[in-house]
Amino acid sequence: MLRALATIVGILLILALVGAGAGIYVFLSFGRDLPDYRQLADYEPPVMTRVYAGDGRLLSEFAVERRVFVPVKAMPRLVVQAVLSAEDKHFYTHSGIDILGVIRAALVNLRNLGSSRRLVGASTITQQVAKNFLLSNELSWERKIKEAILAFRIERAFSKDRILELYLNEIYLGLGSYGMASAALNYFNKSLDELTIPEAAYLAALPKAPNNYHPTRNPVAAKTRRDWVIGRMLEDKVITPDEATRAKLQPLSVNERSETEFVKADYFVEEVRRWLAKRYGETELYKGGLFVRTSLDPRLQDIADRVLAKGLEAYDRKHGWRGPIAQIEPGPGWLGRLRDVEPPPGLGGWRLGAVTGVDEGGADIGLADGGQGRIPLPEMKWARPWKEDQRLGPRVRRPADVLAPGDVVAVEAVAAGIKGKVYPVGTFSLRQIPEIEGALVAMDPHTGRVLAMSGGYDYGRSQFNRATQAMRQPGSAFKPIVYLAALDSGFTPSTLILDAPFVIDQGPGLPKWRPANYTKRFYGPSTMRLGIEKSRNLMTVRLAQTIGIEKVAEYAERLGVVDTLPRKLSMALGAGETTLLRLTTAYAMMVNGGKKIQPSLIDRIQDRHGRTVFSHDKRLCGNCLATFWTGQEVPEIPDPRPSVTGPASAYQLVSLLQGVIERGTGRRIREVGKPLAGKTGTTNGAFDAWFIGFSPDLAVGVFTGFDDPRTLGRGEQGASVAGPIFKDFMAEALAGRAAIPFRIPPGIRLVRVNGSTGELARPGDKGVILEAFKPGTVPTGRTEVLEGIGAAAPVTGTGGLY
């Protein structure tokens with residue numbers, strides 16, 4: 001008896017030793033080249049970057065995996081317990097492998113041999129973390145062994161909460177959901193703390209096979225799996241029997257995530273995206289979970305988009321009809337053929353209509369939804385044939401001059417005509433997507449914060465941002481740079497400059513350069529004020545020649561208009577190329593008292609942990625951290641902005657530019673009824689049209705022109721194309737706000753002078769204005785006329801006209 005017992009013990013001992021040896025062999029063999037599990041200590045799951053407008057509304061999201069990371073301690077207990085009941089009830093007690101679970105799964109699988117039931121697994125959450133983060137999804141015993149070894153190692157290195165946190169934020173749960181928080185939004189449009197018992201149970205049922213339990217494609221299997229999880233939750237005493245009964249009676253209904261509301265600012269967002277990618281890289285942008293607060297003002301952005309589109313459409317209508325978008329065969333079957341026509345980019349809210357008939361009173365159209373409509377003759381009168389160089393063909397006298405059956409055109413429903421005539425329902429106006437492009441930028445002149453940016457007519461048609469990427473000649477919009485340099489050189493707004501023919505020899509073999517005024521006339525000695533108000537080219541060239549093109553270039557570079565300006569006299573007329581954003585920033589420095597600013601679209605960036613990694617505002621204030629008010633003095637925040645010019649010269653220039661709107665080339669903008677200043681800009685041949693201006697607290701720039709530079713047409717200029725866009729923007733942006741005057745710095749004297757001569761006003765003088773002078777520069781008698789002196793600078797390019 002004793003011998004038999006000893007034999008059994010010996011056999012068991014030998015088996016134990018063999019088993020231990022086998023275990024050690026397996027551990028050493030498979031554990032030798034495993035991935036380094038310690039990398040999980042620093043693992044941060046890919047999280048989307050979110051970009052917000054200045055008022056906190058969402059602008060955009062950038063992500064590869066749309067995940068919302070939630071720390072495990074912030075997860076509701078119901079959600080955590082549901083997952084543990086479904087996936088690993090012994091998670092907080094096992095050491096990486098659930099031995100009891102393995103034995104139970106083995107027995108179940110043996111019992112089910114020969115049946116159609118799928119094999120039952122016994123992977124713990126730790127094993128799933130090892131597989132998801134460090135291994136592949138390969139189905140093999142080798143992977144399972146490696147998974148078990150890694151699970152043991154992970155359990156020794158990390159806390160249970162850290163392991164669970166990795167799992168709950170990493171798992172894929174279907175519908176593009178990575179992690180529990182994202183799944184709660186996508187399946188039920190709820191945050192985690194709003195989930196009910198059946199909803200939490202359903203999400204806990206998904207990790208095994210989200211596609212197999214899809215709520216609409218496999219509703220029976222999905223509800224069965226959910227109810228199984230509810231049963232496990234009851235078994236684990238997470239919920240009561242009554243709660244379990246009520247939960248199982250609930251139908252499996254999903255409420256997919258409502259469409260996220262974004263502020264529309266396509267060009268602005270793309271500029272932000274490019275900036276972030278350049279600074280932080282694509283990986284951090286799409287996976288780093290950055291929180292980006294931008295400077296965008298949604299109200300101003302909406303105004304910018306609308307007035308820019310309206311202005312470009314208005315110009316386009318003035319220059320004729322370029323023909324239908326497409327042509328289809330008229331007659332029976334037209335509806336199918338119309339639906340085959342691809343809507344062109346830029347169609348926006350307009351619709352495609354096919355002309356089905358034309359008579360003396362208008363054109364009948366059919367729409368893609370099967371509806372019918374009519375375009376009366378007055379709504380196509382504008383559509384004179386387009387001709388080269390933006391000229392117009394003969395006037396429209398009858399609908400057949402414009403449209404024919406089979407034409408596919410853009411139309412917009414209208415209720416009344418231009419003269420107020422009320423139209424019947426189903427009346428449409430003929431529309432045309434403009435070829436001309438443009439851009440608008442609005443910024444805070446004191447900080448450089450970009451408040452609105454429209455980079456083109458339609459982002460869907462072209463992603464090229466004409467506010468930041470288009471290098472164009474500013475023409476006469478550059479002239480304030482010349483005048484600012486002159487004011488800093490001792491000249492005054494009353495300085496007389498000769499407006500007369502100006503000729504420079506450009507050198508052997510080159511023709512003489514003869515700049516001219518837009519009007520082709522000469523006006524004799526005129527004040528500097530008149531020179532900028534009327535945009536006189538000859539006066540500007542003489543002024544630039546006198547102070548030296550080197551100084552003009554220095555100011556252009558100091559104000560950031562260009563990096564390097566060629567030392568050519570024609571640059572004084574805006575022949576050098578720049579962008580709308582750079583030029584608008586330069587004007588902003590004029591109205592802010594001459595302080596240097598940098599344009600910025602981003603106020604602050606925080607990383608996924610809430611740490612501020614970028615701030616546009618660099619000011620330091622050590623006394624701004626008081627926790628409560630105790631009667632202490634308000635801290636003074638230092639102004640670190642360097643000066644680009646003195647406040648006195650800056651104000652004199654602002655006063656000159658205010659005269660442009662009150663009496664000069666921008667006088668149409670007076671209708672806004674607020675203190676405004678600005679300058680038109682038109683290049684030779686009318687290829688580019690600009691208007692840059694400001695109120696005391698808002699700087700706005702507008703550019704218009706064709707992407708393939710060509711003339712805007714005879715008679716077109718900054719005042720007629722860009723000016724109306726600036727006017728409409730300012731009228732709406734400043735509506736309801738007080739008319740704040742421009743701020744006058746200390747030392748400036750406002751003196752009554754004759755607006756034509758610049759001399760002190762005398763009784764009976766007409767056209768008397770208040771002129772701004774620095775101390776000691778008030779005119780005391782007749783002044784000399786500046787005729788242009790000094791060495792002539794080389795000439796190149798064309799430059800501005802008006």
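**A surface patch, a hairpin and an open sheet**

Arg668 lies in the loop between α20 (647-663) and β18 (677-682); helices (H or I, at least four residues) and strands (E, at least two) are DSSP runs, numbered from the N terminus. The model is predicted: local features need pLDDT of at least 70, side-chain atom pairs count only at pLDDT 80 or more, and totals for chains, interfaces and linings use all residues. Residues are numbered from 1 along each chain as its sequence is written, and side-chain values use heavy atoms, with hydrogens and water left out.

Together with Lys534, Arg667 and Arg670, Arg668 forms a positive surface patch. Patch residues have over 30% relative accessible area and no salt bridge, with like charges joined within 9 Å; a salt bridge is a side-chain nitrogen of Lys or Arg within 4 Å of a carboxyl oxygen of Asp or Glu.

Strand β16 (residues 602-606) is mostly covered, with 4 of its 5 residues buried (under 20% relative accessible area, 1.4 Å probe, protein chains only). Strand β3 (residues 291-294) runs antiparallel to β16 and is joined to it by 4 bridges; here Thr294 stands opposite Ile602. Strands count as paired if DSSP finds at least two bridges between them. β16 also pairs with β17 (residues 612-615), antiparallel, over 3 bridges, and Gln606 has Thr612 as its bridge partner. β16 and β17 form a hairpin with 5 residues between them, and Gly610 in the turn has a positive phi of about 90 degrees.

Elsewhere, an open sheet of 3 strands has the order β15-β14-β23 and mixed pairing. Its edge strands, β15 (524-527) and β23 (785-786), each pair on one side only. β14 (residues 496-499) and β15 are antiparallel, with 4 bridges; Ile497 is partnered by Ser526 in β15.

Terms used:
Patches are made of residues with over 30% relative accessible area and no salt bridge: like charges are joined within 9 Å, nonpolar side chains (Val, Leu, Ile, Met, Phe, Trp, Tyr) within 5 Å. Accessible areas come from the Shrake-Rupley method with a 1.4 Å probe; for residues, only the protein chains shown count as cover. Lys and Arg count as positive and Asp and Glu as negative; His and the chain ends are not counted. The place of a charge is taken as NZ of Lys, CZ of Arg, CG of Asp or CD of Glu. Buried means under 20% relative accessible area, exposed over 50%, partly exposed in between (1.4 Å probe, protein chains only).
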